[in-house]
Amino acid sequence: MILLRNATAVQFEPALIKEGVDIVIDGGEIKEVGTDLVVKYPDATVKDMKGKLVMPGIVCSHNHFYSGLARGIMADIKPSPDFISILKNLWWRMDRALDEEALYYSGLICSLEAIKNGCTSVIDHHASPNYIAGSLNTLRKGFLKAGLRGMTCFETTDRNGGLKEMSAGVEENIAFAQLIDRAKEEGKEPYLVEAHIGAHAPFTVTDEGLSMMAEAVQATGRGIHVHVAEDRYDVTHSHHHYAQDIVERLDSFGLINEKTLLAHGLYLSDRDIDILNAKGGFLVHNARSNMNNNVGYNHKLTRFNNVALGTDGIGADMFEELKFAFFKHRDAGGPLWPDSFLRHLWNGNEILARNFGAKFGRLDAGNKADLTILDYTSPTPFVADNLPGHIAFGINAGNVNSVMVEGRFVYEDRAFPFDVAPIYAEASKVAQRLWKTMDQLD
């Protein structure tokens, strides 16, 4: 049992800031929140927070851990004037170059850096066409090594091998979900990683692929995680080949429900948005990625009932992502203020709750003890009413002091519980090999 003493409790939803709070953690859950709890729990290990901010964990709701070794990439990347050429010349070559070792280090590095930036959970979306079977468990090993909670899935697609490749992708999603179910039953490892049924995007999945995905959803009880309408091409492709809007097409296969994650959604129709809202699914907004790829802005953001924030592979600094999401929205003439984007960030906890069957996102007894702890001294009043303003204009990842996942410190006083230097050194070697492999691909 751990007792976090003299914390400044911070909660996004509903907004809360309260000084002098004690938080008792038993196993993986919060047991009690109050004041002067040391006397009540004399056997607890006491950690004096000295007024640090203690908040429910930060969630990145869409990421690509396979991109972890792309930073500063030195490979022969052809000029890429549009989104599709960026995919073909960079990302679809990188994912083809991944093998087990490269994927492990890519995922592990991303897990460590997510934690260092204050994330307790990341929802991943994976692709490695030449290493499909077993790839999701390789990522899971990185999650468990770092102690990060999260989800992952394989991008079902036909872009490299048609029906055979789609079948292999769906089979990997099913196999991983079944592995998670067995691991939960055995209880030998902490229940930190869950599964989605993944797909790249509707324009690279035929109706045969969607039918297989629907069977996988039914068989596993999981939801889908897929890019939609990241670029106008996805929309025109759906209209040309299937005479349907994108979400309408997915829904016709029974793929839209309360566990659905749709990433980007810049050009979804009003009808598509209505379907997603009616079924209770989530849109994940990735502002920096959209800007980087010059695909446009989601001017319909306010029409979605459920919005979360992700990075689409640009790290896992969610404090920075929130800022960019807000500033870009204001630049585009949008009406929302920081409180809306803080709610979007908090919504990652609702996604976790729907998939893990537990409580997340509040400093209440019975909630998971996934916590982000910050050093932050404000020169102005710091109260519940202006918390969104402090997040948008003050607090950043540099304030992260410690991170707890499932009641265990995975990062404490700005240090990991194990030496990460050898991991980074080996990752650098693997990255260089990965880049060379990319150059050898057609």
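Guide: R149, K368, D370 and E406 are linked in a network of salt bridges. A salt bridge here is a side-chain nitrogen of Lys or Arg within 4 Å of a carboxyl oxygen of Asp or Glu. The model is predicted, so local features need pLDDT of at least 70 and side-chain atom pairs count only at pLDDT 80 or more, while totals for chains, interfaces and linings use all residues. Residues are numbered from 1 along each chain as its sequence is written, and side-chain values use heavy atoms, leaving out hydrogens and water.

Why look at charge at all? Side chains of opposite charge can pair when their charged atoms come close. A search of the whole structure finds 28 salt bridges. Take E113 and R71: their side chains meet in one, at 2.5 Å from N to O. E113 sits in helix 2 (residues 100-116), and R71 sits in the loop between strand 6 and helix 1 (83-97), so the pair ties together parts that are 42 residues apart in sequence. Helices (H or I, at least four residues) and strands (E, at least two) are DSSP runs, numbered from the N terminus. How covered are the two partners? Buried means under 20% relative accessible area, exposed over 50%, and partly exposed in between, with a 1.4 Å probe and protein chains only. E113 has 22% relative accessibility, so it counts as partly exposed. R71, at 62%, counts as exposed.

Next, E189 and R140. Their side chains form a salt bridge of 2.7 Å, N to O. This pair also links distant parts of the chain, 49 residues apart: E189 is in the loop between helix 4 (162-186) and strand 9 (193-195), and R140 is in helix 3. R140 counts as buried because its relative accessibility is 8%. E189 is partly exposed at 41%.

D331 counts as exposed at 63% relative accessibility. K328 is partly exposed, at 24%.

Now a charge without a bridge. D231 lies in the loop between strand 11 (224-228) and helix 6 (232-242). D231 is buried yet has no salt bridge; R232, the nearest side chain of opposite charge, is 7.1 Å away. Lys and Arg count as positive here, Asp and Glu as negative; His and the chain ends are not counted. D231 does touch F83, Y267 and V295, leaving aside residues up to four places away in sequence. Contact means heavy atoms within 4.5 Å.

Strand 7 (residues 119-124) and strand 8 (residues 149-152) pair in the parallel sense over three bridges. Two strands pair if DSSP finds at least two bridges between them. V122 has G150 in strand 8 as its bridge partner. The chain crosses from strand 7 through helix 3 (residues 135-146) to strand 8, a right-handed β-α-β crossover. Right-handed means that, with the strands pointing away from the viewer, the path from the first strand over the helix to the second runs clockwise.

Strand 7 also pairs with strand 6 (residues 58-63), again in the parallel sense, over four bridges. There, N63 has D124 of strand 7 as its bridge partner. Strand 7 is mostly covered, with six of its six residues buried.
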